[in-house]
Amino acid sequence: MRLHFYFVRKYLIAFTAVLAVFLTLTVLLEMMEMLRRFDSNLIGLSEILYLTLLRTPRALYEILPLVVILATLGLYLGLA
């Protein structure tokens, strides 16, 4: 039973790390898209950040299988 908890803890750490990297990249890319789409004189940075954070869950939902695969790969490489 202890071994199962060890694997779960290692997997959650790997999953969180990979998700954080992809979340950061997604927010940066979406923010660049919003800055390109809207005029910066009409809309402020806080509104652009708000719109970016509204679009981020959709993008993360699309790349979630990749995050799971990469977290699993990281887990097994860490165990090897």
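Biologist: Which helix holds Leu 3, and why is Leu 3 called exposed?

Modeller: Leu 3 sits in helix α1. This is a predicted model. The relative accessibility of Leu 3 is 52%. Exposed means over 50%, so Leu 3 counts as exposed.

Biologist: What makes up the nonpolar surface patch?

Modeller: Leu 3, Tyr 6, Phe 7, Tyr 76 and Leu 79 make the patch, about 480 Å² of it. A patch residue needs over 30% relative accessible area. Leu 3 has 52%. Tyr 6 has 34%, and Phe 7 has 34%.

Biologist: Which helix gives the largest share of the nonpolar patch?

Modeller: That is α1, with three residues. Both α1 and α2 supply at least two residues each.

Biologist: How many aromatic pairs does the search of the whole structure find?

Modeller: It finds two. Tyr 6 and Phe 7 form an aromatic pair.

Biologist: What makes Tyr 6 and Phe 7 an aromatic pair, and why is it called tilted?

Modeller: Ring centres must lie within 6.5 Å. For Tyr 6 and Phe 7 the centres are 6.0 Å apart. Stacked needs planes under 30 degrees apart, and edge-to-face needs over 60. The angle here is 55°, so the pair is tilted.

Biologist: How do you know that the span of α1 is close to the expected one?

Modeller: α1 has 36 residues and reaches 51 Å from its first C-alpha to its last. At 1.5 Å a residue, 52 Å is expected.

Biologist: Which residues of α1 are buried, and what do they pack against?

Modeller: The buried ones are Ala 14, Val 18, Thr 26, Val 27, Glu 30, Met 31 and Met 34. The buried residues of α1 pack against α2.

Biologist: Where is Leu 19, and why is Leu 19 called partly exposed?

Modeller: Leu 19 is found in helix α1. Its relative accessible area is 28%. Buried would mean under 20%, so Leu 19 is partly exposed.

Biologist: What does Leu 19 touch, not counting residues up to four places away in sequence?

Modeller: Leu 60 and Val 67. Leu 19 and Leu 60 are 41 residues apart in sequence, yet their C-alpha atoms are 8.6 Å apart in space. Contact is judged on heavy atoms within 4.5 Å.

Biologist: Why is Thr 56 called buried?

Modeller: The relative accessible area of Thr 56 is 5%. Buried means under 20%, so Thr 56 is buried. Thr 56 is in helix α2, residues 45-79. Leaving out residues up to four places away in sequence, Thr 56 touches Leu 23, Thr 26 and Val 27.

Biologist: How many salt bridges are there?

Modeller: The count comes to five.

Biologist: What makes Glu 30 and Arg 58 a salt bridge?

Modeller: The cut-off is a nitrogen within 4 Å of a carboxyl oxygen. Glu 30 and Arg 58 meet at 3.8 Å, N to O. Glu 30 lies in helix α1, residues 2-37, and Arg 58 in helix α2, so the pair ties together parts that are 28 residues apart in sequence.

Biologist: Are Glu 30 and Arg 58 buried or partly exposed?

Modeller: Glu 30 has 11% relative accessibility, so Glu 30 counts as buried. Arg 58 has 40%, so Arg 58 is partly exposed.

Biologist: Which salt bridge does Glu 62 form?

Modeller: Glu 62 meets Arg 58 at 3.3 Å, N to O. In helix α2 the two are four residues apart, about one helical turn. Glu 62 has 54% relative accessible area, so the label is exposed.

Biologist: Which residues are linked in a network of salt bridges?

Modeller: Glu 30, Arg 55, Arg 58 and Glu 62 are.

Biologist: How do you know that Glu 33 forms a salt bridge with Arg 37?

Modeller: Their closest N and O atoms are 3.5 Å apart, and the cut-off is within 4 Å. Both lie in helix α1, four residues apart. Glu 33, at 25%, is partly exposed. Arg 37, at 46%, is partly exposed.

How values were computed:
Residues numbered from 1 in each chain as written. Predicted model: local features only at pLDDT ≥ 70, side-chain atom pairs only at ≥ 80, totals over all residues. Heavy atoms only, no water. Buried < 20%, exposed > 50% of the residue type's maximum accessible area, 1.4 Å probe, protein only. Salt bridge = Lys/Arg side-chain N within 4 Å of Asp/Glu carboxyl O. Patch = residues over 30% accessible without salt bridge, like charges linked within 9 Å, V, L, I, M, F, W, Y side chains within 5 Å. Areas by Shrake-Rupley, 256 points an atom, 1.4 Å probe, with all protein chains shown as cover. Expected span 1.5 Å × (residues − 1).
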